[in-house]
Each structure stands twice: as C-alpha cells, then as structure tokens.
Amino acid sequence: VGIGNTAPAQKLDVTGYINWSGQKRNTARFDKTSSTALAAVTGLSVTVNAGKTYYFEASLYTTSALNGGVSVDISGTTTASAIVYETIITNGGVITQQRATALGTACSNKDVTAAFVSIKGTITTTTDGTLLVRFAQQISNATRSSVEINSTFIVNNIA
C-alpha cells in the first residue's frame, strides 16, 4: 500500500523529500559565555513516547575559545530503561571520544576552537517526554562557545 492509497500493491512514488517530526536543526546560533552549565540547544529537541526504541544522531558545528572549549550530552525529560551513545569531538587532529550509558553524561574538550561534534546512540524509553542535545563550555570563559546554525538532531523510532 502506497502513501495515501488504500488498495494493496500500489507503487510508492515520492517525488520530493520526506520530513518527519524527528528531524531538527537549529536556526540560530546557540551561545554559552562564562558558563559550564549544560543547557538545551534551542531547536534540537524531539518528543518521544514510552516503551519505544529510538536511534538518534546529532551533528554539531561548534566554535569556541581555546581553554573554553565545548561540553555536550544527550538529556531530556524522558527516562530510559536502556541507553548508549558515543560522542566524538574532532578539531584539527584533536579527537575526544566517550561512550555513555546514562542520560546526561557529558563529553568535553577545552582544547578546541572549531570542533565538529558527532553523537550517535540508541535509547529505549520508559516515559513520554523529550530527548534533547545540551551544550556548555568545558571551562568558564568570557569568550563565547557556540553551536552554529544548521546543526542537526535526527531521531528515528526503530522499534
């Protein structure tokens, strides 16, 4: 059955792009200045349902002052019966990598200025709520650290 068709054996014909509520991007730069407190990145939050398993992937373009750096995690108002995610921060050959098995486990690096952050993982939820990306400076610095515009967070229900 194709989209919009009730008869069986219809060909699925999609001529455009398919968008769903699990695809998010930030439309404005998100700044943290003189703050190591992780906060939700505006625009990078998805509503999830209890008893489902989701695959998620965040791609963050960041800028920061050396010795301010970046700190990121996956958090939200949902609770998890199981979660695992890998965070990789790269900047000109400097690589920081960390695996987490709990919401709110930060990965940080102070020695970056134009880092790309990749977070990939799966979560099985026990409550309805939100799943989101949080960001802060690793070390409080008067020069801002930012998640740049067009960073993304994609969440897919896989079970």
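So, contacts. Of those with a separation of 6 or more in this protein, 79% are between residues 24 or more positions apart. Keep in mind that this is a predicted model.

What's the secondary structure behind that? The C-alpha trace spans about 60 × 35 × 25 Å along its principal axes. Of the 159 residues, 38% are buried. The accessible surface comes to about 8100 Å², and carbon and sulfur atoms own 51% of that.

Now look at the two ends of the strand list. Strand S1, residues 23-25, pairs with strand S12, residues 152-157, and they're antiparallel with three bridges. If you want to find that on screen, go to Lys24, whose bridge partner in S12 is Phe153. S12 is also joined to strand S4, residues 53-63, again antiparallel, by six bridges. There, look for Tyr55, standing opposite Asn156.

On to charges. There are 11 positive and 8 negative side chains, with the centres of the two sets 2 Å apart. How many salt bridges do we get? The count comes to four, and I'll go through some of them.

One is Asp73 with Arg134, where the closest N and O atoms are 2.6 Å apart. Asp73 sits in strand S5, residues 70-76, and Arg134 in strand S10, residues 129-136, so this pair ties together parts that are 61 residues apart in sequence. Is Asp73 buried or exposed? It's buried, at 0% relative accessibility. Arg134, on the other hand, is partly exposed at 22%.

Another one is Glu86 with Arg99, closest N and O atoms 2.7 Å apart. That links strand S6, residues 80-91, where Glu86 lies, to strand S7, residues 94-100, which holds Arg99; the two residues are 13 apart. Glu86 has 17% relative accessibility, and because the cut-off for buried is under 20%, it counts as buried. Arg99 is at 59%, so that one counts as exposed.

And then there's Arg29 with Asp31, with 2.8 Å between the closest N and O atoms. What about exposure here? Arg29 is partly exposed at 41%, and Asp31 is partly exposed too, at 33%.

That's what I've got. Over to you.

How values were computed: Residues are numbered from 1 along each chain as its sequence is written. This is a predicted model: local features need pLDDT of at least 70, side-chain atom pairs count only at pLDDT 80 or more; totals for chains, interfaces and linings use all residues. Side-chain values use heavy atoms; hydrogens and water are left out. Buried means under 20% relative accessible area, exposed over 50%, partly exposed in between (1.4 Å probe, protein chains only). Contact means heavy atoms within 4.5 Å. Accessible areas come from the Shrake-Rupley method with a 1.4 Å probe; for residues, only the protein chains shown count as cover. Lys and Arg count as positive and Asp and Glu as negative; His and the chain ends are not counted. The place of a charge is taken as NZ of Lys, CZ of Arg, CG of Asp or CD of Glu. Two strands pair if DSSP finds at least two bridges between them. Helices (H or I, at least four residues) and strands (E, at least two) are DSSP runs, numbered from the N terminus. A salt bridge is a side-chain nitrogen of Lys or Arg within 4 Å of a carboxyl oxygen of Asp or Glu.
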